[in-house]
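Biologist: Please take a close look at one part of this model and describe the side-chain interactions there.

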Amino acid sequence: MFNAKGVKIAGIVAMVAGLLMIIAGGVTWGLVSSQLKEEHITVSADAPAFGNKEVNGPLDAYYQAEAIKHHVLEATGGKTYAQLDREDPKRATAMNGDFLRASLFTSVVAFGVAAFAMGMGVLTILFGWAITALAGTRVAATATAATV
């Protein structure tokens, strides 16, 4: 048996959940962006893109991480941290560069998760709306069939 009221409630719950996902994703995006701004990081002029721009979003964070990689490899003669001898003084430079890159990549991932949450929120709202609309259509069709 079809329970239109239960289906409508499920649709409304889905729409509320979708709205909460959009809000949570937006808050996360804003928080990560503001934390990056507080660090006053500027993308290196020789970065592949966004040179001299303040880092506050996923793309400029990514390109600054790439610029750091380039600078570290220049400083270490093309060797990564793992390739350098334990006693090599350049190993500290490579390690610091890796830490900086990891931090920037963490922010890139956080932006991605926030965008995913917001996108899923939109989809959840649309599914909730569709379920609610279909429940109303079913009720109208049932009422029409009952009067015939």
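Modeller: What follows covers the salt bridges and then one threonine. This is a predicted model, in which local features need pLDDT of at least 70 and side-chain atom pairs count only at pLDDT 80 or more, while totals for chains, interfaces and linings use all residues. Residues are numbered from 1 along each chain as its sequence is written, and side-chain values use heavy atoms, with hydrogens and water left out.

A salt bridge is a side-chain nitrogen of Lys or Arg within 4 Å of a carboxyl oxygen of Asp or Glu; the count by this rule is 2. Arg101 pairs with Glu66, with 3.6 Å between the closest N and O atoms. This pair links distant parts of the chain, 35 residues apart, with Arg101 in helix H3 and Glu66 in helix H2 (residues 58-75). Helices are DSSP runs of H or I, at least four residues, numbered from the N terminus. Buried means under 20% relative accessible area, exposed over 50%, and partly exposed in between (1.4 Å probe, protein chains only). Arg101 is buried because its relative accessible area is 16%, whereas Glu66, at 22%, is partly exposed.

Lys53 and Asp60 form a salt bridge at 2.5 Å, N to O. Lys53 is partly exposed at 30%, and Asp60 is buried at 4%.

Helix H3 (residues 90-147) also holds Thr132, which is buried at 17%. Leaving aside neighbours within four places in sequence, Thr132 is in contact with Lys8, Gly11, Ile12 and Met15, where contact means heavy atoms within 4.5 Å. A polar atom of the Thr132 side chain lies 2.8 Å from the backbone oxygen of Gly128.

Technical notes. Helices (H or I, at least four residues) and strands (E, at least two) are DSSP runs, numbered from the N terminus. A polar contact is a pair of N or O atoms within 3.5 Å; within protein, one must be able to donate a hydrogen and the other to accept it, and residues adjacent in sequence count only if both atoms are side-chain atoms.
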